[in-house]
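Colleague: Please take a close look at one part of this model, the open sheet and the charged side chains around it. I would like one connected account.

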Amino acid sequence: MVDPLERKADEAPRQRFLLEETDFDEVPPKYRRFYRRRKGPGDPLGPNEVVCPVCKVVIRSTRELREGDRVYCMPCMSRLVVVRADDGTLEARVAY
């Protein structure tokens, strides 16, 4: 895993996403757009989304997620690191 601060500067710029409000009500209203419930295995994840392995909530970002990024799951208060899985998709691993 490469520290995000040590990445090469020539990488393509990250995509930006506008997040719409969701019906996720387990966090304060200010943060609800950053989380959603997964609707099953057929629900595809976007390049700005990862699933929390602890509480199975989808964590969303306004920017494209890449390997080594750190995300926070407010519902279960876990700090996560984004890693690339064997199948090439991004997934989150618990840091602490």
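Modeller: The part to begin with is an open sheet of 3 strands in the order E1-E3-E2, with antiparallel pairing. Strands here are DSSP runs of E, at least two residues long, numbered from the N terminus, and two of them pair if DSSP finds at least two bridges between them. Strand E1 (35-37) and strand E2 (49-51) are the edge strands, each pairing on one side only. On average, neighbouring strands of this sheet are turned by 30° against each other, direction ignored; the axes are lines fitted to C-alpha atoms, and angles run from 0 to 180 degrees between N-to-C directions.

This is a predicted model, in which local features need pLDDT of at least 70 and side-chain atom pairs count only at pLDDT 80 or more, while totals for chains, interfaces and linings use all residues. Residues are numbered from 1 along each chain as its sequence is written, and side-chain values use heavy atoms, with hydrogens and water left out.

Between E1 and strand E3 (residues 57-60) there are 3 bridges in the antiparallel sense. One of the residues involved is Arg37, whose bridge partner in E3 is Val57.

Now the charged side chains. A salt bridge is counted when a side-chain nitrogen of Lys or Arg lies within 4 Å of a carboxyl oxygen of Asp or Glu. By this rule the count comes to 9. In general, side chains of opposite charge can pair when their charged atoms come close.

Arg36 forms a salt bridge with Asp43, where the closest N and O atoms are 2.6 Å apart. Arg36 has a relative accessible area of 11% and is therefore buried (buried means under 20%, exposed over 50%, partly exposed in between, with a 1.4 Å probe and protein chains only). Asp43, at 13%, is buried too.

Arg36 also forms a salt bridge with Glu49, with 3.0 Å between the closest N and O atoms. Glu49 lies in strand E2 and Arg36 in strand E1, so this pair ties together parts that are 13 residues apart in sequence. Glu49 counts as buried, at 9% relative accessibility.

Another salt bridge joins Glu91 and Arg93, whose closest N and O atoms are 2.8 Å apart. Here Glu91 is partly exposed at 28%, and Arg93 is partly exposed at 46%. Salt bridges that share partners link Glu20, Arg36, Asp43, Glu49 and Arg60 into one network.

As for the setting, the protein chain has 0 helices and 6 strands, and buried residues make up 34% of its 96 residues.

Conventions
Helices (H or I, at least four residues) and strands (E, at least two) are DSSP runs, numbered from the N terminus.
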